[in-house]
Amino acid sequence: MPLPPAYALVATDLDGTLLRHDDTVSPRTRAALGLAAAAGARHLVATGRPVPGVRELFAALGYRGLAVCGQGTQVYDAGAGRVIRTLCLDREAAAVALGKIEAQVGQVFAAVDQDGPDGRTLIEPGYLMPHPALPAHRTSHRDELWAAPVIKVLIRHPELDDDALAAAAHAAVGDLATVTLSGPGTVELQPYGIDKGAGIAFAAEHLGLDPATAIAFGDMPNDLPMFRSCGYGVAMANAHPLLRAAADEVTLSHQDDGVAVVLERVFG
């Protein structure tokens with residue numbers, strides 16, 4: 001049996017962190033993850049993408065571990081192909097939250113990620129998908145967004161930048177929802193108190209591990225709760241300033257094998 005590793009868990013965000021621009025993992029990063037696995041560490045993906053948005057990707061990558069998806073609202077066992085936990089956002093609360101945000105900043109455009117392994121991403125008229133590779137279904141009216149249970153709401157504003165919209169949304173919604181900035185053009189509302197940190201805590205317990213033994217990699221403010229839950233936080237060079245300021249270390253960018261650089265040092 002290998003000796004206990006310096007970190008028993010390697011938690012990685014996907015977009016802007018583990019994945020390159022073309023949604024692939026470089027050979028060097030694959031090899032570095034192999035070093036961690038050989039030392040006995042478990043790999044845990046933590047992403048804002050919902051389960052339907054990662055299944056094909058995981059199959060292509062050969063990933064069979066646990067994944068915290070949908071900003072912590074879902075925990076998915078990729079090897080078994082099943083969701084082991086899901087938490088939905090109350091749809092009435094979500095509609096009220098949108099109204100409060102619009103009372104502060106004017107019209108926003110909204111989308112939702114539906115619950116379930118086959119849940120769809122629905123977008124209302126005017127909403128533009130920030131990640132065009134992810135499938136979405138257009139509705140004719142906002143009311144159609146609430147036709148089935150949802151795990152989170154995504155919002156965009158025609159003029160405000162992401163940081164300003166996230167700040168305004170946070171001030172407006174109170175305890176109706178947790179507000180997250182997870183990527184360019186991606187401000188989200190999920191169940192209050194639920195985030196990547198909560199998701200990692202659940203997944204680590206499921207694995208019989210302490211999240212304090214985790215080394216975490218991320219690039220956006222939605223990774224801040226993950227850093228707070230884990231023992232050591234590494235921000236990518238391309239990370240949001242808030243995350244770089246909170247990190248224990250800043251590595252190279254996701255295009256330059258920043259995850260691999262750190263894992264090689266820790267586990268090599």
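**Lysine 152**

I started with the contacts of lysine 152, taking contact as heavy atoms within 4.5 Å. Leaving aside neighbours within four places in sequence, I found lysine 152 in contact with Gly48, Gly70, Gln71, Leu89, Ala111, Val112, Asp113, Glu188, Leu189 and Gln190. This is a predicted model, so I noted the limits: local features need pLDDT of at least 70, side-chain atom pairs count only at pLDDT 80 or more, and totals for chains, interfaces and linings use all residues. Residues are numbered from 1 along each chain as its sequence is written, and side-chain values use heavy atoms, with hydrogens and water left out.

Lysine 152 sits in strand E9 (residues 150-156). Helices (H or I, at least four residues) and strands (E, at least two) are DSSP runs, numbered from the N terminus. Is lysine 152 buried or exposed? I read 1% relative accessibility, so lysine 152 counts as buried. The cut-offs are under 20% relative accessible area for buried and over 50% for exposed, with partly exposed in between (1.4 Å probe, protein chains only).

Next I looked up its polar partners. A polar contact is a pair of N or O atoms within 3.5 Å; within protein, one must be able to donate a hydrogen and the other to accept it, and residues adjacent in sequence count only if both atoms are side-chain atoms. The side chains of lysine 152 and glutamate 188 are joined by a polar contact of 2.8 Å. A polar atom of the lysine 152 side chain also lies 3.2 Å from the backbone oxygen of glycine 48.

**Glutamate 188**

I followed the pair to glutamate 188, in strand E11 (residues 186-190). Glutamate 188 counts as buried because its relative accessibility is 2%. Its side chain makes a polar contact with the side chain of glutamine 71 at 2.5 Å. Another, at 3.5 Å, goes to the side chain of serine 182. Beyond four places in sequence, the contacts of glutamate 188 include Val153, Leu154, Thr178, Val179 and Thr180. I checked one C-alpha distance: glutamate 188 and leucine 154 are 34 residues apart along the chain and separated by 4.4 Å.

**Glutamine 114**

Glutamine 114 is in strand E6 (residues 109-114). I read 11% relative accessibility, so glutamine 114 counts as buried. Not counting residues up to four places away, glutamine 114 touches Gly119, Arg120, Leu122, Ala148, Pro149, Val150 and Ile151.

**Alanine 203**

I then moved to helix H6 (residues 196-207), which holds alanine 203. At 0% relative accessibility, alanine 203 is buried. Outside four places in sequence, alanine 203 is in contact with Leu44, Leu66, Val68 and Val75.

**Helix H2**

Last, I took helix H2 (residues 27-38), which has 12 residues. H2 reaches 16 Å from first C-alpha to last, close to the 16 Å expected at 1.5 Å a residue. The expected span is 1.5 Å times one less than the number of residues.

Which residues of H2 are buried? I found Thr29, Ala32, Leu33 and Ala36. Seen down the axis, the buried residues of H2 fall within an arc of 100 degrees, so they line one face of the helix. The arc is that of the directions from the helix axis to the C-beta atoms. On the other side of H2, Pro27 and Ala38 are exposed.

What covers the buried residues of H2 includes strand E1 (9-12), helix H1 (14-18), strand E2 (42-46) and helix H9 (258-267). After H2 comes glycine 40, with a positive phi near 100 degrees.
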